[in-house]
Structures are given as C-alpha cells and as structure tokens.
Amino acid sequence: MNLGLPLPFGAIRNQRAFLAVQNLSSFILRRLAHPDPTSNFEIFLVADTEQVSTSEFIDRLAKAAGKNSRLFGMPPDLLSTLLSVMGRQDTHDSLIGSLELNLAKAIATGWQPQVSLDEGLRLALSAQDA
C-alpha cells in the first residue's frame, strides 16, 4: 500500500481470523488471574471477534492508514497459479486460504475481545509511527 501499487486481491472471498495484541494480552492476563493455575495449560483459540476476508482486511488496513487500498479482482485460481509458479505456496495459503477460529472456549471463560479489528489496526499503525 505504501507504494500505491494496485493489489490483485479484490476477488478473494475467504475468511481469516486476526488478533489485536491488546486482545491477546487481555486474554493472557485473564488466564493468569484464574484461581486454578493448572488450568493455564489448557489450549485456547483466541482471535478478534470479527473474521474477515483478505480483501476486506486490506481495505480496512488502508482506511486505518488513510490510504486507498487499490484492490482489483484477479480470479483466485489465476492468482494461485501465479503464486505457485513463483514458488510462493506459503503466500497462497495465507492470502487466499481461509482460517476461521471457533472462539467458544475462550468466550466461555468470560473473556471478550476489548479492541475491534478496526481499532486494533489503528493502534498498530500508530505504534509503528511512534
């Protein structure tokens, strides 16, 4: 986005989970305060409540940065082929693939994410500028 180049992710309709560092730290603090210390060895999936597509994430990141996302829609199959040819299968998985998390176990502890996705992006960008 900083270079102002168009990005070919506008047609991606996946779902991805993201986690603001503020939400991670609030979950960790909640678990450390739990009266049964052995329960701290449980495994929890933690993420922001809202899970969005790669294209929506880029749009919202650009908005938080005060920029235009400049997305255009390249068919995901074509994008996948180009990434494979370039030897970037790992990039394919993180950009095109879905990663949705079931937060029910974390929410059942009484924890709620305190920072929205948009607020987390804004805070991350402002910390980067500092």
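Start by selecting Phe9, Ile12, Ile58, Met74, Leu79, Leu83, Leu95 and Ile96: these 8 residues make up the largest nonpolar core. A nonpolar core here is a set of buried Ala, Val, Leu, Ile, Met, Phe, Trp, Tyr and Cys residues joined through side-chain atoms within 4.5 Å. Buried means under 20% relative accessible area, exposed over 50%, and partly exposed in between (1.4 Å probe, protein chains only).

The model is predicted, so local features need pLDDT of at least 70 and side-chain atom pairs pLDDT 80 or more, while totals for chains, interfaces and linings use all residues. Residues are numbered from 1 along each chain as its sequence is written, and side-chain values use heavy atoms, leaving out hydrogens and water.

Not counting residues up to four places away in sequence, Leu79 touches Pro8, Phe9, Ile12, Met74 and Ile96 (contact: heavy atoms within 4.5 Å). A second, separate core has 5 residues, among them Phe44, Val46, Ala106 and Trp111.

Next, select helix α1, residues 21-32 (helices are DSSP runs of H or I, at least four residues, and strands runs of E, at least two, numbered from the N terminus). Its buried residues are Asn23, Ser26, Phe27 and Arg31. They lie on the same side of α1, because they cover an arc of only 135° around the axis, taken from the directions from the helix axis to the C-beta atoms. These buried residues pack against α5 (104-108). Turn to the other side of α1 for Val21, Leu29 and Leu32, which are exposed.

Now show the aromatic rings; the whole structure has 3 aromatic pairs. Rings of Phe, Tyr and Trp (its six-membered ring) pair if their centres lie within 6.5 Å; planes under 30 degrees apart count as stacked, over 60 as edge-to-face and the rest as tilted. Phe27 and Phe44 are edge-to-face, 5.2 Å centre to centre with 65° between the planes. Phe27 is in helix α1 and Phe44 in the loop between α1 and α2, 17 residues apart. Both are buried.

Phe27 also pairs edge-to-face with Trp111, at 5.3 Å centre to centre and 80° between the planes. Trp111 lies in the loop between α5 and α6 (117-129), so this pair ties together parts 84 residues apart in sequence. Trp111 counts as buried at 2% relative accessibility. Phe27, Phe44 and Trp111 form one aromatic cluster.

Finish at Arg60, in helix α2 (residues 54-64). At 14% relative accessibility, Arg60 counts as buried.

How values were computed:
Expected span 1.5 Å × (residues − 1).
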